[in-house]
Amino acid sequence: MELNTTVNDESRVVEVDGTEAAVDVVRDRLGLTGTKLVCGSGVCGACTMLVDGEPVLGCLTPATRLRDAAVTTVEGIAHGENLHPVQRAFMHHDGLQCGYCTTGFIVDAVAFHDRWRTDHGTDEPDRQTIADALAGHLCRCGAYEGIFRAVAAACRGEHDDGAGTVERVDAPAKVTGAAVYTTDVSLPGMMHAAFCRSDVAAGIVGPITFPPGVVGVDLLAQEGTGDRRVRWAGQPIAVVAADSPAEARRIARELEVRVTPHPFVVDPEEAVRPGAPLVYATRADRKAAPSAGEGGSMPAPWDGNRHGPARTPFLGTVAKRRIASAGSRGRGAPGGSGATGLVELELRTGVQVHTAFEPHACVADWTDPQHLRVWLSTQGVDLMRTEIAGHFDLDPAEVEVVAEYVGGGFGAKLSLTMEAVGAISLSRIARRPVKLVLDRHEELTGTGNRPGSRTRVSLLVDDRSQAVKALTVDTESHAGVAIGNSVAALAMLMYDRTPRLARDVDVVTNAPPGAPFRGPGGPTSAWALEQTVDEVAHRTGRDPIGLRAQWDGNQKRQALYRWATALPTWQQRPVTGSGSGRFRRGVGVATGNWIYLVDPDCEVVVSVAGGRLVASTASQDMGTGSRTVVARAVAGIFGVEPTEVEVRLGRSHAGTSHGPASGGSRTTVSLWSAAVDAATTLRDRVGRDLAAVPDGASASAKRGGDRGVRAVPITMNGIQIGRGFSAAVHVSEVEVDTRTGKTRVLRVHGGIAVGRIHAPVLARSQCEGSIIQGIGLALYENQVLDPHTGLTLTANLEDYRIPQLGDTPEIDIHFHEDGWDRVPGGGVGLGEVATISPAASVGNAIFNATGWRPLSLPVRPDRVLEGLRAGVAR
């Protein structure tokens with residue numbers, strides 16, 4: 001049927017069949033891709049548009065609702081170059097990161113702003129009013145503090161005449177919907193693809209025959225191992241292509257696949273019991289197990305479904321002997337006094353899913369047999385070019401990977417995943433471009449997760465001096481079918497260098513595989529160790545910060561301890577468990593530690609084109625600010641504004657220089673010094689008068705080694721491990737409702753010591769987002785599987801709850817910029833260290849508020865109520 005509508009003040013006529021949602025028509029028929037589809041169930045707000053002036057959710061609104069209506073998408077908010085005050089405010093206050101959810105926020109915030117200004121003039125709305133107005137919107141990057149600041153400032157009228165200072169150079173593209181992500185790419189003659197997935201958690205799949213005329217690939221046959229076994233519910237087994245997404249999904253759904261179910265296990269505790277079904281029955285199977293970490297798994301023995309322990313023996317024998325001797329003399333109960341000075345806790349964490357808002361997506365164009373072009377939502381365009389070439393037996397010169405904008409990743413997009421393999425395979429067969437985009441159910445099922453864990457910590461301290469005498473950490477991680485976790489090992493990098501022993505064990509199950517997740521193993525390790533340290537402080541009557549300062553030799557963290565001790569929030573904290581009444585306030589502290597990584601082969605090319613500076617490298621920006629960092633580095637050398645530097649990222653082909661992947665906090669530290677060196681070389685060669693420089697003049701520089709890298713560099717997957725550790729201290733204030741069990745985080749202070757901050761506004765936003773994700777880990781997030789089928793139950797954004805705008809505490813970020821003078825540029829990465837300790841600080845604050853120590857994440861209301869009723873740690 002024909003549908004007449006007015007979109008962004010332009011009359012449009014589109015054909016609809018009556019089944020589409022408004023978001024499909026706007027994106028696919030009208031090409032207005034600023035409107036994003038994220039959840040498909042009306043939860044996230046990314047698809048918000050105005051219909052007759054009122055905000056509506058495009059995923060829930062039938063396309064027929066647009067008939068004879070006036071529709072405004074984000075592309076129609078600005079009038080030419082004249083941005084709306086809300087757009088200007090979002091740019092100035094950096095109310096965005098990856099930008100994938102930003103356009104939905106913008107549209108709704110514009111409607112709120114216009115109503116507010118009509119009714120209230122330039123009075124400022126409070127935080128709760130803003131939170132209520134934008135309650136239907138989510139941001140996985142956690143840019144909520146910037147959003148609060150932006151909306152309040154716009155309503156005050158501060159941006160009626162201009163944006164003010166804007167640090168993020170790609171902010172204009174993101175607030176106007178001009179930024180093009182992989183999900184937005186559309187090519188002539190493009191087909192659409194969908195997966196056929198296993199609906200059993202374990203079984204053998206028979207040969208797959210595709211109906212006549214169907215373009216399809218048997219993914220199990222393509223692996224070439226002869227193993228047609230599936231090991232988790234939702235595992236891709238085939239992929240098909242058709243002329244529309246709906247048709248591809250129908251074919252995949254109706255594909256006849258014979259599966260012989262086998263016994264399976266998804267509960268880690270059952271997986272280690274005698275007679276449990278084996279996830280990997282043979283040595284070859286075990287060797288092929290995927291890794292949940294960035295660096296692969298360490299060699300370790302197998303025993304049934306147990307892999308490990310991988311030992312990290314810092315005088316482990318001595319530590320075991322001391323712990324055993326102290327234990328034989330008796331232990332104190334948690335929260336009580338231990339005469340031996342031995343504190344032992346067992347702590348657990350649930351499974352946290354990455355939940356990037358741009359789903360895993362790929363557009364593959366192999367119409368030219370000599371050139372494969374791939375648009376991919378990835379954290380490593382250069383890395384993926386190499387991996388794609390290897391997987392498909394190509395010369396890397398024949399492969400090009402494009403990721404102009406990336407809508408979040410958090411570690412889940414660091415490897416060659418099945419949407420890329422599927423789309424490329426289909427394009428090779430069809431000789432047509434093929435697009436494959438996961439839906440939210442798929443994204444929340446099998447694209448990776450932060451593994452769950454059970455950790456036993458034994459910490460022995462001297463009765464008189466409270467010095468650490470021994471530490472043992474035993475962790476069982478459950479990353480589904482994946483292995484390679486290092487939670488216990490990371491605990492060895494903190495506090496006194498006394499006898500200590502780390503033992504990491506993977507317990508494999510028929511659950512979806514884990515993947516690296518922002519500080520892999522770090523938040524899990526901090527949750528266990530920092531709760532135990534807090535318990536020692538409680539039993540010995542010590543100030544928790546003072547005790548850490550006594551044990552900690554890291555001078556950067558010592559500076560942060562002094563800062564934290566002086567905070568009014570800390571100085572006014574209550575005595576643990578002293579509160580009364582329904583609402584009880586508490587304050588907790590936790591520390592973070594992370595290694596310094598650098599990509600020594602990172603290369604940036606700076607050139608002049610048309611009198612304009614151009615900087616290029618085969619890296620990407622997924623919201624962390626790589627474009628801005630490179631622009632600021634080059635602009636500083638030439639004495640121009642960063643907006644005068646054109647930064648070319650997001651492409652890797654035979655003509656580009658090597659760029660770092662976005663992972664391990666290595667991107668900024670690698671890009672900055674390479675960009676500075678290249679710009680300095682060019683400036684020294686041609687001078688500052690760019691108008692007089694002929695086009696094509698250029699200089700390049702590699703990051704290379706530096707004094708911050710160890711004398712004998714430790715190299716892992718092309719990445720060098722530097723000397724020293726970045727540091728963090730988080731102080732959180734919470735309020736616990738003892739009637740409902742709900743915990744509300746009121747305030748968080750984050751102290752970060754990573755040296756020089758190259759883009760302060762963006763760095764602050766990163767640290768604020770880290771706190772938001774830490775609150776999610778602490779209070780809300782947990783993947784749940786059906787024990788009877790292995791299927792994921794939390795496969796939508798209603799059942800898998802992430803923090804919302806209304807959950808955002810007041811956040812204060814403090815940067816300590818000393819201590820990294822030896823590193824070129826004077827600073828190191830902060831994306832990982834900023835996310836290590838927030839969840840642990842929330843847990844310690846709950847203990848301070850109630851006297852009940854939470855030992856399991858997330859700290860759900862039912863667990864709080866059960867603990868308070870029992871009066872003991874559970």
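The mean pLDDT (the predictor's confidence in each residue, from 0 to 100) of the protein is 94, and 96% of its residues reach 70 or more. This is a predicted model, in which local features need pLDDT of at least 70 and side-chain atom pairs count only at pLDDT 80 or more, while totals for chains, interfaces and linings use all residues. Residues are numbered from 1 along each chain as its sequence is written, and side-chain values use heavy atoms, with hydrogens and water left out.

Me: What volume does the largest cavity have?
Reply: On a 1 Å grid over the protein atoms alone, a cavity is a set of points where a 1.4 Å probe fits but cannot get out, and lining residues have an atom within 4 Å of a point. Grid points are joined across faces, edges and corners, and a volume is the space filled by probe spheres set on the points. The whole structure holds seven cavities of 30 Å³ or more. For the largest cavity, the volume is about 550 Å³.

Me: How many nonpolar residues are in the lining of the second largest cavity?
Reply: This cavity holds about 150 Å³ of space, and Leu490, Met494, Ser525, Asn593 and Ile836 lie nearest its centre. Helix H16 (522–540) and strand E24 (583–598) each give two or more residues to the lining. Ala, Val, Leu, Ile, Met, Phe, Trp, Tyr, Cys and Pro count as nonpolar, Asp, Glu, Lys and Arg as charged, and the others, Gly among them, as polar. With five polar residues and one charged, the nonpolar count is nine.

Me: At what angle do the axes of helix H3 and helix H5 cross?
Reply: In H3 (residues 102–120), Phe105 and Trp116 are among the residues that meet H5 (residues 144–155), where Tyr144 and Val151 are among the partners. Axes are lines fitted to C-alpha atoms, for helices over the stretch in contact, and angles run from 0 to 180 degrees between N-to-C directions. The two axes come within 10 Å and cross at roughly 35°.

Me: Which residue has a positive phi although it is not a glycine?
Reply: Most residues other than glycine have a negative phi, and most peptide bonds are trans. The residue with a phi of about 55° lies in the loop between helix H2 (85–92) and H3. That residue is Asp94.

Key: 1 Å grid on protein atoms, 1.4 Å probe; cavity = no way out; pocket = protein on both sides within 12 Å on 5 of 7 lines; lining within 4 Å. Helix = DSSP H or I, 4+ residues; strand = E, 2+ residues; numbered from the N terminus. Contact = heavy atoms within 4.5 Å.
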